[in-house]
Amino acid sequence: MPGTAANAILAALALLAATPAFALDLTPREQAGKRVYLAGESPSGGEIVVKLGRDGSTLPGTAAPCGSCHGADGQGRPEGGVRPSAIVWSELAKPYGHTHPGGRKHAPFTDESLARALREGLDPAGNPLDVSMPRYSISDEDLGSLAAYLRRLEEDLDPGIAPDVLRIGTVLPTSGSLGDVGVSMRAVLSGWFDALNRRGGVHGRRVELVVAGYDSGLADGVAAARDLIRGGNVFAIVSGLYPAAEPEVAALVGEARVPMVGPFSLFARNDDVAGAWIFHPSGGLREQARGLAAFAMRELGAGTRRIAVVHAPEAPYAEAARAAAEELRKRGGLPPEVVALPAEPAALAERLRRGSFGAVLVLAGDGALEALAQDLAAAGGSPPLLASGTLAGRAATQVAGRYPGKLFLAFPGSPSDESTAASRELARLRDAGGAAGRSRASQASAVVDAAVLVEGLKRTGRALSRERLVASLEALHGFETGLSPPVTFGPDRRVGAMGAHVVRVDPAGKAFVPMGGWIPLE
């Protein structure tokens, strides 16, 4: 059956030429059958034609290969109200035959009855198959190759899977300006997976963490990710840190269709094609911006007074500003003034002062917030300031004295999200790995990513495939990691904790005062 799932076969085709350590040794005929199954192409040089529905409209075989509905693992993927059956040979050739939900019964499939099912749409007993099952015009040679591959399909596992080992990759800086952070994340992740393995691993498999290290630069990060994805023989990717290379790495992940939980990033995405394989347990700048907009509506009268949204000129910041403006619109607020930071912020400060805005939301780093706050004060204005705590938390404590009670920050998480047990375990991992003096936020994020990935693996079961893992992750709802807000994903949701915490900066003690708890976002 054709459908959006057809795209899932593209990455599997790239594996036909690869020979990782755990790869199945297929005969030339079985390899030809794999090509028929995944691509709908005729290795014999003939033509494969698909007939669809009751009217028998035709398409080339490449438009509706078997794997597009039955999955690269042959287990079937529900789509559009249709549940394609499992077609691994152990299922097709059950010695006691089949009884289907509608009462249809038939004997086990043989090569001959499989050919009749594909060409005529009839099961071994002569019963018509569901109309959603395409009929194929296909040569005897290609049919024989397909049957040969179906006999091995159950053994043809995704990369990184062995009977007793599951290889999971991560991309981290191990030298250069970010080396300390990356090394500490590696130590905590290694310790976390070591503890998991001592408890028995996941469904009888020991998890082997494969670290692709690099030297902090964009080109090095992309090269490390490319080598890991294309040649590292890993099943999935967890966490990671490559702030200069996130779009490039996301494209590689999407192209290869490797499930990823992470990375540690300010720019979690929920709406791009490559990101369909990337799951972010925590929100990023977009969610913080939306959370601040919701807070401004609730606490600062943004429904009756306009606010200004000031952002750094780069595209991700502009996108976050648009998200904040849309959040205000959805909640009935007045349209904000959205302004990109100019090279000279003093003129902007005067413009903001004259505009008598009810608040100013700043989506930029420490330096920009500090400069704008000083210029606003010098211009005689002191509206409430809202900013990303991840981006500008340090500067906020420096300028809070000029805005007593009027400086607010958004964060993706809060100490109140952490359980005592999870916090103690993180402290143990940090001490054991010599990482206690380094970035706790990045280490906590790595543990959250690992916990979410392993929960998905557990729910998938021992019969692993990348497609099935994605389906299991999509089914997570309210999963408690112990170090973050509850994580919920879905078919159209790739940010797990969709919301933000907002705090007020206390200028006296330079402390953060919670402002009403978690702000959920739709």
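Predicted model: local features only at pLDDT ≥ 70, side-chain atom pairs only at ≥ 80, totals over all residues.
A disulfide is a covalent bond between the sulfur atoms of two cysteines. Cys 66 counts as buried because its relative accessible area is 13%, under the limit of 20%. Cys 69 is also buried, with a relative accessible area of 1%.

Salt bridges were considered next. The count comes to 24 salt bridges. One of them joins Lys 94 to Glu 91, with the closest N and O atoms 3.1 Å apart. Glu 91 has a relative accessible area of 24% and is therefore partly exposed.

In one, the side chains of Arg 286 and Glu 319 meet with an N to O distance of 2.8 Å. Arg 286 belongs to helix α10 (residues 285–299) and Glu 319 to helix α11 (residues 315–330), so this pair ties together parts that lie 33 residues apart in sequence. Glu 319 is buried, its relative accessible area being 17%. In the other, Glu 327 is bridged to Arg 290, and the closest N and O atoms are 2.7 Å apart. Here, too, distant parts of the chain are linked, since Glu 327 is in helix α11 and Arg 290 in helix α10, 37 residues apart. Both Glu 327 and Arg 290 are buried. These two residues also belong to a network of salt bridges that includes Lys 330 and Arg 331.

Phe 267 is found in the loop between β9 (260–261) and β10 (278–282), whereas Tyr 317 is in helix α11, and the two are 50 residues apart. With a relative accessible area of 26%, Phe 267 is partly exposed; Tyr 317, at 17%, is buried. A tilted arrangement is adopted by Phe 295 and Phe 408, with 5.0 Å from centre to centre and 50° between the planes. Phe 295 lies in helix α10 and Phe 408 in strand β15 (residues 407–411), so the pair ties together parts 113 residues apart in sequence. Both of these phenylalanines, Phe 295 and Phe 408, are buried. An aromatic ring also faces a charge: the charged end of Arg 151 sits over the ring of Trp 89, at 4.1 Å from its centre.

The largest nonpolar core holds 63 residues, of which Trp 192, Phe 193, Phe 235 and Val 452 touch the most other members. Helix α16 (residues 440–460) provides the largest share of this core, namely ten residues. Beyond its neighbours within four places in sequence, Val 452 is in contact with Val 261, Pro 281, Leu 473, Leu 476, Phe 479, Thr 481, Val 487 and Phe 489. Another core, of 57 residues, lies apart from the largest one and has among its members Ala 293, Ala 294, Leu 300 and Ala 392.

In helix α5 (residues 111–120), the buried residues are Ser 113, Leu 114, Ala 115, Ala 117 and Leu 118. The elements covering these buried residues include α4 (89–92), β5 (135–137) and α6 (140–150). Just after α5, Gly 121 takes a positive phi of about 75°. Helix α8 (residues 218–231) contains Ala 223, which counts as partly exposed because its relative accessibility is 29%. The C-alpha atoms of Ala 223 and Ala 245 are 9.8 Å apart in space, while the two residues are 22 residues apart in sequence.

Methods:
Residues numbered from 1 in each chain as written. Heavy atoms only, no water. Salt bridge = Lys/Arg side-chain N within 4 Å of Asp/Glu carboxyl O. Buried < 20%, exposed > 50% of the residue type's maximum accessible area, 1.4 Å probe, protein only. Helix = DSSP H or I, 4+ residues; strand = E, 2+ residues; numbered from the N terminus. Core = buried A, V, L, I, M, F, W, Y, C linked by side-chain atoms within 4.5 Å. Contact = heavy atoms within 4.5 Å. Phe/Tyr/Trp six-rings, centres within 6.5 Å; stacked < 30°, edge-to-face > 60°. Lys NZ or Arg CZ within 6 Å of the ring centre and 35° of its normal.
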